[in-house]
Amino acid sequence: MPHQAVSPSSCLPRHFSNPRADLERVYGPSERAILSRAAFEEAMAEIGAWPGYAPTPLRSLPGLAREAGIDRLWYKDESARFALGSFKALGGAYAVLRLLAREVTARVPGVPVTALDLVVGRYAKVTRTLTVTTATDGNHGRSVAWGAQVFGCNCVVYVPSACSPGRRAAIGAYGARVVVVDGLYDDAVRRAAADAAEQGWFVVSDTSYTGYMDIPRDVMQGYTVMVEEALSQLPASERPTHVFVQGGVGSLPAAVCGHLWESWGRQRPRFVVVEPHNADCLYQSAVAGRPVRSEGDLDTVMAGLACGEVSLLAWAILERGADDFLTIPDEGAVTAMRKLADGNHGGRPIVAGESGVAGLAGLLCAAAHEEVRLALGLAPDARVLVFGTEGATDPEVYERIVGRSPENVAEDPLSAAGR
């Protein structure tokens with residue numbers, strides 16, 4: 001047996017094999033109405049032209065692959081995505097741009113509106129009268145606030161009371177007004193929607209619900225830029241057999257799953273959705289066979305995944321596209337963060353946030369339990385792709401968990417030796 005990645009006693013996962021997963025199902029019109037390669041091309045052309053755009057690295061982690069008893073492990077490192085340090089920069093800001101372009105066109109008919117038009121303030125008389133709003137645990141709100149600042153509109157962001165002061169400050173730094181809601185993420189979602197309806201604001205959410213679908217679709221489509229980058233960075237002769245992706249409301253895993261499904265069809269990898277034990281709305285929905293709330297208290301160190309309700313658009317993809325659902329305890333994420341920071345994975349140290357490592361943590365927890373390993377088909381020749389979706393988006397929280405500041409981790413040459 002290989003060295004176990006995580007102590008079994010500290011990381012016991014729950015696994016559910018999705019009986020509705022259908023490898024033979026064609027990615028058809030109903031799926032393309034949500035996410036499509038045609039819409040991806042539009043998103044790629046737009047986001048690829050933004051100042052500062054560059055593909056984030058795909059890192060090979062041979063040390064952790066050996067620990068997990070698999071052949072290859074690739075980690076898509078989003079810690080340097082634009083100035084936000086998170087894949088969310090691809091979604092919220094893109095949706096803000098699309099929204100503002102539509103609103104300006106409606107008011108100035110017949111005039112095509114470009115991102116450059118908005119950046120230079122050509123339609124500022126219009127955009128300054130518009131306000132976007134959203135609810136967030138941190139990264140999505142930061143992306144929306146950044147997009148609002150860049151493209152010239154107002155922004156109000158609602159955060160649950162558990163959102164850390166550092167993440168609130170990071171949102172406010174982009175000029176947004178931050179409103180703290182006495183409750184959980186889902187309470188913040190409802191408050192944002194209610195206030196938007198009263199004030200005439202535009203909700204830019206990454207979660208969809210009845211009567212609200214178009215903007216979350218834009219958010220998800222923006223995420224596919226990251227997925228396509230990863231596909232182009234994989235070795236030409238190798239494809240992953242498995243993909244592990246963190247859950248949340250489902251927008252991220254749906255974007256990854258849908259893009260792979262349409263691109264590779266029946267040759268797509270086995271797709272595993274990973275959530276915290278206490279915030280498992282996707283797992284519970286898979287068990288129930290329909291969208292249901294999480295019964296957990298949403299208290300998790302993986303704060304960005306502390307979501308109790310499923311995005312309906314995301315579920316429409318994951319219901320048949322996801323093969324497995326996995327939940328893990330907080331200790332799994334903490335261990336994964338520390339392993340990446342130590343550099344004993346076979347490369348330079350990687351700074352990764354607590355929500356961004358959940359997919360990796362799910363793999364490591366599964367690999368440490370023979371029953372789950374076998375159920376997921378994690379054979380010695382398995383090749384796994386994970387998405388490290390954030391860096392240290394709150395440096396104080398990161399230091400508290402890892403024991404070192406993100407700056408010290410990034411600059412410490414001894415880490416790479418696997419001390």
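## The annotated span

Between the end C-alpha atoms of residues 51-385 there's a gap of 28 Å, and this span is 44% helix and 14% strand. Helices (H or I, at least four residues) and strands (E, at least two) are DSSP runs, numbered from the N terminus. Why pick out that span? UniProt lists residues 51-385 as "domain: Tryptophan synthase beta chain-like PALP", in an unreviewed entry. UniProt positions follow the numbering used here, feature names are shortened, and annotations may be inferred rather than shown by experiment.

Keep in mind that this is a predicted model: local features need pLDDT of at least 70, side-chain atom pairs count only at pLDDT 80 or more, and totals for chains, interfaces and linings use all residues. Residues are numbered from 1 along each chain as its sequence is written, and side-chain values use heavy atoms, with hydrogens and water left out.

## A four-stranded sheet

Next up is an open sheet of four strands, in the order S6-S5-S4-S7, with parallel pairing. Strand S6 (177-181) and strand S7 (202-203) sit at the edges with a single partner strand each, so one side of each has no neighbour in the sheet. Two strands pair if DSSP finds at least two bridges between them.

S7 pairs with strand S4 (residues 131-135) in the parallel sense, over two bridges.

## Two domains face to face

The protein is divided into domain 1 (14-80 + 215-411) and domain 2 (88-206), with bounds from an automatic or database domain assignment. Taken over C-alpha atoms, the domain centres are 25 Å apart. In contact (heavy atoms within 4.5 Å) are 31 residues of domain 1 and 30 residues of domain 2.

Together the two domains bury about 2,400 Å², 55% of it on carbon and sulfur atoms. That's the accessible area (1.4 Å probe) that two parts lose on being put together, summed over both. In domain 1, Trp 50, Ile 215 and Asp 218 lose the most area to domain 2, together 26% of what that side buries.

## Salt bridges

A salt bridge here is a side-chain nitrogen of Lys or Arg within 4 Å of a carboxyl oxygen of Asp or Glu. The count comes to 29 by this rule. Arg 59 and Asp 77 form one of them (2.9 Å, N to O). Arg 59 lies in strand S2 (residues 58-60) and Asp 77 in strand S3 (residues 72-77), so the pair ties together parts 18 residues apart in sequence.

Across the interface of domain 1 and domain 2 there are six salt bridges. Arg 98 also forms a salt bridge with Asp 218, their closest N and O atoms being 3.4 Å apart.
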